Amino acid sequence: MMSNPLPPQFIILLGGLLIPFLKGKARLVYMLALPAFAFFNYLSLEEGIYWTSSFMNFELVFGRVDKISLIFINVFIIVTAIAVIYNSHVKERLEHFSGFLYAGSAMGVILAGDLITFFVFWELLTVGAAFLILVRKSATSMGAALRYLLVHVLGGLILLAGIILHINETGSAAFTAIGLDSVASYLIFFGFGVNCAWPILHSWLSDSYPESTVGGIVFMATFTTKAAIYALMRGFPGEPSLIWIGVGMATFPIFYAVIENDLRRVLAYSLINQVGFMVVGIGIGTGLSMNGSAAHVYSDILFKGLLFMSVGAVMHQTGGKAKATELGGLFRCMPFTGVCCIIGAASISAFPLFSGFVSKSIIMTAAAEGHHAIVWLALLFASAGVFHHAGIKIPFFVFFSHDSGIRVKEAPMNMRIAMGITAVACIAIGIFPNQTIYPLLPFDAPAYHPYTFAHIMAQSLLLLFSALAFTLLLTGGIYPAEIRSVNIDSDWFYRKGGKWAYILFDRTLNSLNAVAHKLLIAGTVSKLCQIAKEGPAYILTALLTPIWELSGTPPDQREKLRENLNENIQNGVFPIGITACLSVVLLGILFFF
Amino acid sequence: MSDSSHRPKSARRIVAALFITCGIGVLLDFLFLSESFDKHALFEWENWPGFYAVYGFVACVLLVLVSKYVLRPLVMRDEDYYDE
């Protein structure tokens, strides 16, 4: 225990605090040293429970090290290092700092052994991610960051309510399998679901990720959804409803991806699609299926990162262009980036020899072994669809298609190094799964062999004929033309719906307010004032008029007397004699009664 | 979009190569894998020759048609829809 004094998440989090004070080369070296140090720390970790402390009678665990947390920590540290290299040209200190905050809190989530620690890091994740959107400093990113916070704070509050109820019910804060059996567990389940981008809850992802910085999105594609996958793996393994939630995630977003113009948004939709496969794997809940989810987390982080990096590099070189309508024919200018993009595309499409092939197929096989026929067919549809919208569409519209006339230089060296490392990793995992990710898989399951002749044939035929369909639809003019547009999604409810709610409340509440003002403030109150002001004068005049009549005061003098009286009463001025006289009368009344 | 005659030679070659590869793939599927070869199939339909080819093709055509003719008319708005 003492051989390892510092958990990896604190190396990244506390180390990250110093980044804003460094500059230039020193900062780069320091930022690379942190994940390197964290990785050595990871290598020295042995399974067990470390770094505990107590808080209000609960045991806080900052280091639950087992095979599940180890595979996540491994890939999180690696992608942090890759993102540092990719972002090293960025001068903005806040962006680097936010990245480390985000990465460190994600590792904190993974290593948390109790729900309190888990929740604290879970919320820090949201803060880190929101900063990565904010630092782009455009009006749209500002709006997106606020919406991101809105959704995640709401999700976080629901999760918190669930955690408090759960701790109250069970008397323990330990984060073990929860199972859907109480209100508390449903709240926790839903809270995880928000970060996991379940259908309808997903729109924060496709809304905000394309608004983040070029490099920030590499972090974003990695941490929030994968930490949620980890949470579901721990809390709800084998929960059957997850199978159908996952199928919804894997299938529905690809329709959006086909008609979306912003290519980073296309990738955001395909991110949801890939996470859907992982959710299905957790829902099936066998050792094989959960291993499939874990393996797919690992390979997805790398190939999705690679795709986001290559589109980001194009954005960086073309001055922020990321829409299919604005790009095309860039392969000659940016061949290296183009090749990396194609490797990422081949990996996400699960071509044989690329990483998706050895990870996604585990989930497919597990679904087939569990006799989930419809699920299997839906996932096969999603597999063909992902090749279509991410595998072909992204490289085709950026690097080939029509010539956009844009002539730019190849991406800077640091970006090329980061993309190159990731591309090599995607291929290495694809060719040597037994030497790379399979030994890391956490659950007990029979060994899986992806490279059977039948599997290679099946997957190749599926992809070849998807490509054939794309080609025929494109040359036949049926493929939907790229149009500058937005497609409304469930974020509509809080973007437009919010505006309508505003108008609704404006109309109803403000008119209620106006009525209330008219009746109470302008009506009753001023009437009361008037009565208080003029009432006594009116009574006195009424009393005095008969006296004046009787004493025979002429009418013009009577009018004058009345005006005088009115004025005196309203101003509260009376001759001292009268005041004294009235005081005596009052004293007399008090004396006798 | 633009018809294929305007495309450069290399593009037409790639398309031709794709057609040929698809043909060879289906041929292999029919010749070697239909009856005699163990496909480790977990579902009956995996043994049908050409199943994956047909499924991949139909899936993609359906995906594109539904996206274009059903989803797009429902959800597409001007680019400044949310800015108004």
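Start with Arg407(A). Arg407(A) forms a salt bridge with Asp403(A). The closest N and O atoms are 2.8 Å apart. Is Arg407(A) buried or exposed? Arg407(A) counts as exposed, at 54% relative accessibility. Asp403(A) is partly exposed, with a relative accessible area of 44%.

Keep in mind that this is a predicted model. Chain A averages a pLDDT of 89. In that chain, 99% of the residues score at least 70. Which elements of chain A mark the lowest and the highest mean pLDDT? The lowest is helix α19 of chain A, residues 555-571, with a mean of 78. The highest is helix α16 of chain A, residues 413-431, with 96. One caution on reading such values. Where pLDDT is low, the coordinates should not be read in detail.

Back to salt bridges. How many are there over all chains? The count comes to 8.

Take Asp207(A) next. Asp207(A) pairs with Arg147(A) in a salt bridge, and the closest N and O atoms are 2.7 Å apart. Asp207(A) sits in helix α8 of chain A, residues 203-208, and Arg147(A) in helix α6 of chain A, so the pair ties together parts that are 60 residues apart in sequence. Asp207(A) is buried, with a relative accessible area of 3%. Arg147(A) counts as buried too, at 17% relative accessibility.

Now Asp300(A) and Lys304(A). They form a salt bridge, with the closest N and O atoms 3.7 Å apart. How are Asp300(A) and Lys304(A) placed in helix α12 of chain A? They are 4 residues apart in this helix, residues 287-318, so about one helical turn separates them. Asp300(A) is buried, at a relative accessible area of 0%. Lys304(A) also counts as buried, at 0%.

Arg136(A), Glu211(A) and Arg265(A) are linked in a network of salt bridges.

Stay with helix α12 of chain A. Ala294(A) lies there. Ala294(A) counts as buried, at 1% relative accessibility. Which residues does Ala294(A) touch, not counting those up to four places away in sequence? The answer is Ile71(A), Met233(A), Leu441(A) and Pro442(A). Ala294(A) and Tyr438(A) are 144 residues apart along the chain. Their C-alpha atoms are separated by 9.7 Å.

On to the nonpolar core. The largest one has 212 residues. Which of them touch the most other members? Those are Phe72(A), Tyr102(A), Phe192(A), Ile229(A) and Trp376(A). Look at Phe72(A). Leave aside its neighbours within four places in sequence. Phe72(A) is then in contact with Ile110(A), Lys226(A), Ile229(A), Tyr230(A), Met233(A) and Val297(A).

Next, His166(A). His166(A) lies in helix α6 of chain A, residues 139-170. Arg147(A) is in helix α6 of chain A as well. His166(A) counts as buried, at 11% relative accessibility. Again set aside neighbours within four places. The contacts of His166(A) are Leu115(A), Gly171(A), Ser172(A), Ile178(A), Ala184(A) and Ile188(A).

Now some backbone angles. Most residues other than glycine have a negative phi. Trp51(A) has a positive phi of about 50°, although it is not a glycine. Where is Trp51(A) found? Trp51(A) is in strand β1 of chain A, residues 48-55. Trp51(A) is buried, with a relative accessible area of 13%. Ile200(A) has a positive phi too, of about 75°, and is not a glycine. Ile200(A) is found in the loop between α7 (183-196) and α8 of chain A. Is Ile200(A) buried or exposed? Ile200(A) is exposed, at 62% relative accessible area.

Last, chain B. What does its secondary structure come to? Chain B has 2 helices and 1 strand. Along the sequence the pattern reads α-α-β. Chain B has 84 residues, and 30% of them count as buried. Chain B exposes about 5500 Å². Carbon and sulfur atoms supply 67% of that area.

Finish at the surface. A nonpolar patch there takes in Ile478(A) along with residues of chain B, including Val54(B), Leu62(B), Tyr69(B) and Leu74(B). The patch members have about 760 Å² of accessible area together. Leu62(B) is found in helix α2 of chain B, residues 51-75. Leu62(B) is partly exposed, with a relative accessible area of 47%.

Notes
Residues numbered from 1 in each chain as written. Chains lettered and ligands numbered in written order. Predicted model: local features only at pLDDT ≥ 70, side-chain atom pairs only at ≥ 80, totals over all residues. Heavy atoms only, no water. pLDDT = per-residue confidence, 0-100. Patch = residues over 30% accessible without salt bridge, like charges linked within 9 Å, V, L, I, M, F, W, Y side chains within 5 Å. Areas by Shrake-Rupley, 256 points an atom, 1.4 Å probe, with all protein chains shown as cover. Salt bridge = Lys/Arg side-chain N within 4 Å of Asp/Glu carboxyl O. Buried < 20%, exposed > 50% of the residue type's maximum accessible area, 1.4 Å probe, protein only. Contact = heavy atoms within 4.5 Å. Core = buried A, V, L, I, M, F, W, Y, C linked by side-chain atoms within 4.5 Å.
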